[in-house]
Amino acid sequence: MSTDSLSCMSKEVNPESVELCPLGTAAAPEQELLCIFGTGDLGRSLGQRLLQTGYRVVYGSRRPHSCGPLPQGAQVMSHAAAAQSASMVFICVHRVHYNFLEMLAPHLRGKVLVDVSNNLKKNLYQEANAEYLQRLVPGSHVVKGFNTLSAWTLQNGPSDANRQVYLCGNSAEAKQAVAEMATKLGFSVLDRGSLSAARELEDFPLQLFPEWRLPLKLAFGLTAFFFFYLLIRDVIYSYVEKKTDISFRIMVSLANKVFPIVSLIMLSLCYLPGIIAAVLQLYRGTKYRRFPDWLDRWMLCRKQLGLLALGFAFLHVLYTLIIPIRYYVRFKISASTISQIKENKTKEFDTTTAWRTDSYYAVGILGFGLYVLLGISSLPSVSNALSWREFNFIQSKLGYVTLFFCTFHTYLYGWDKFLRPSSYKWYTPSGYMLGLVVPSVVLVLKLLLLVPCVDRSLTRIRQGWERTQPDDDNKTTLLT
């Protein structure tokens with residue numbers, strides 16, 4: 001075959017064939033270039049994360065040649081040059097340094113400006129930082145976002161507890177561009193609306209445990225009340241009535257009485273709002289009427305109440321474990337042993353006491369084990385892996401079982417002490433008796449809700465059934 005024929009055949013193209021080129025000769029698509037104003041911790045962490053995702057990054061700095069260490073692969077230019085080279089600019093500087101942006105307004109016209117700034121405290125300025133930035137550079141599209149993330153989160157990637165990025169802005173196209181970029185970084189985006197929501201987003205990082213305030217106040221109040229109550233009944237009573245100084249028992253013995261009482265009450269307070277809600281639904285005959293605001297707030301902080309209760313339970317366990325090594329306990333055991341030797345007497349083994357103490361410890365261990373299971377299942381990494389039915393079974397069904405074991409553990413501790421007149425010092429009940437009131441009420445009310453006729457009605461209401469009022473029947477008849 002001649003060379004001409006080969007050349008002719010090579011020029012023929014099969015319509016179903018695809019021309020293949022060596023991998024090295026194909027031109028790779030150029031990655032998008034993003035600009036960052038600010039070379040602090042947040043700016044460097046954001047730039048490193050963007051580079052790892054595949055973006056090209058250019059920093060704008062007042063001192064391009066002496067701005068400190070930056071992520072490898074990033075470029076550094078003046079503010080004007082950097083702004084001209086990218087369509088999206090991250091403003092990673094404090095509001096007090098925004099003045100230079102006004103001079104860059106011509107270069108930033110039509111650009112997307114992502115404001116990541118926060119303030120040191122609430123209501124520091126009359127308008128939000130993002131709104132002020134939009135006023136400085138009116139020709140740009142300002143988007144508030146990424147301000148709820150820390151430099152550590154940006155550098156190491158999103159975790160289970162910190163995946164969301166809140167955005168707000170007046171331009172839907174600008175928010176869409178920022179949202180796509182945040183999604184590539186591994187975050188989930190939540191659009192909060194127009195730029196008027198910027199102040200709300202800027203207040204998010206300034207909130208200190210907003211969901212924990214009520215549980216913490218409640219825990220502190222209960223702890224203080226029972227501490228001073230037991231201090232009066234145990235320490236001050238002994239000093240006044242018996243002229244005995246047992247103030248040393250404040251550090252361990254008194255604390256080990258306060259912690260389990262507070263833990264048990266707070267655990268029961270996790271389930272009491274659910275019972276109150278069920279009673280309201282039964283009384284109203286519908287699930288479509290709103291609960292009172294105080295009950296809504298109470299139900300929203302049940303997780304925090306449970307975690308604090310678990311913390312007090314852990315303290316109770318730790319304090320109990322150190323009892324055998326206390327000087328007071330070792331001295332008391334030694335004195336009792338020496339006294340029996342001198343008197344040549346031995347105490348008879350009490351089977352009833354042995355059963356009570358062993359049952360007391362066994363039930364306590366089981367209750368604490370279930371307690372820990374409830375705490376573990378409330379962690380986001382664990383609860384996300386559970387179905388709703390599994391999560392509800394653990395937190396509701398096993399939760400009531402936990403409350404029962406812990407309450408029974410306290411009853412075994414008290415045993416028949418409530419029958420002894422010596423237990424009522426200055427005519428006041430023991431601390432554990434007060435601690436049993438709320439959990440006992442919760443368990444009794446739960447048993448009443450489990451009565452078949454009551455449970456059947458409550459189930460129907462929660463499935464959408466509504467009790468018809470007599471007035472509604474009359475209205476229906478008239479309308480018909």
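Which residues are buried in H10? In this predicted model, the buried residues of helix H10 are Pro215, Ala219, Leu222, Phe226, Tyr229, Leu230, Leu231, Arg233, Asp234, Val235, Tyr237 and Ser238. The cover over these buried residues includes helix H11 (253–284), helix H13 (302–321) and helix H18 (431–435). Helix H10 itself runs over residues 213–241, a total of 29 residues. From its first C-alpha to its last, H10 reaches 40 Å, close to the 42 Å expected at 1.5 Å a residue. Just after the helix, Lys243 adopts a positive phi of about 55°.

Salt bridges were examined next. The count comes to twelve salt bridges. One of them joins the side chains of Lys425 and Asp234, with an N to O distance of 3.6 Å. This pair links distant parts of the chain, since Lys425 lies in the loop between helix H17 (388–414) and H18, while Asp234 belongs to helix H10, 191 residues apart. Asp234 counts as buried because its relative accessible area of 11% falls under the 20% limit. Lys425, at 21% relative accessibility, is partly exposed. Salt bridges with shared partners connect Arg233, Asp234, Lys257 and Lys425 into one network.

Two further salt bridges were examined individually. Glu200 pairs with Arg192, and the closest N and O atoms of the two are 2.5 Å apart. Glu200 is partly exposed at a relative accessible area of 37%, and Arg192 is partly exposed at 33%. In the pair formed by Asp296 and Arg290, the closest N and O atoms are 3.5 Å apart. Arg290 is classed as exposed because its relative accessible area is 62%, and the exposed class begins over 50%.

Ser87 is found in the loop between helix H3 (79–85) and strand S4 (88–91). Its relative accessibility of 43% places Ser87 among the partly exposed residues. Although Ser87 and Leu34 are 53 residues apart along the chain, their C-alpha atoms are separated by 7.0 Å. When neighbours within four places in sequence are left aside, Ser87 is in contact with Glu32, Leu33, Lys111 and Val112.

Val441 is located in helix H19 (residues 437–449) and is partly exposed, with a relative accessibility of 41%.

Technical notes: Residues are numbered from 1 along each chain as its sequence is written. This is a predicted model: local features need pLDDT of at least 70, side-chain atom pairs count only at pLDDT 80 or more; totals for chains, interfaces and linings use all residues. Side-chain values use heavy atoms; hydrogens and water are left out. Helices (H or I, at least four residues) and strands (E, at least two) are DSSP runs, numbered from the N terminus. Buried means under 20% relative accessible area, exposed over 50%, partly exposed in between (1.4 Å probe, protein chains only). The expected span of a helix is 1.5 Å times one less than its number of residues. Contact means heavy atoms within 4.5 Å. A salt bridge is a side-chain nitrogen of Lys or Arg within 4 Å of a carboxyl oxygen of Asp or Glu.
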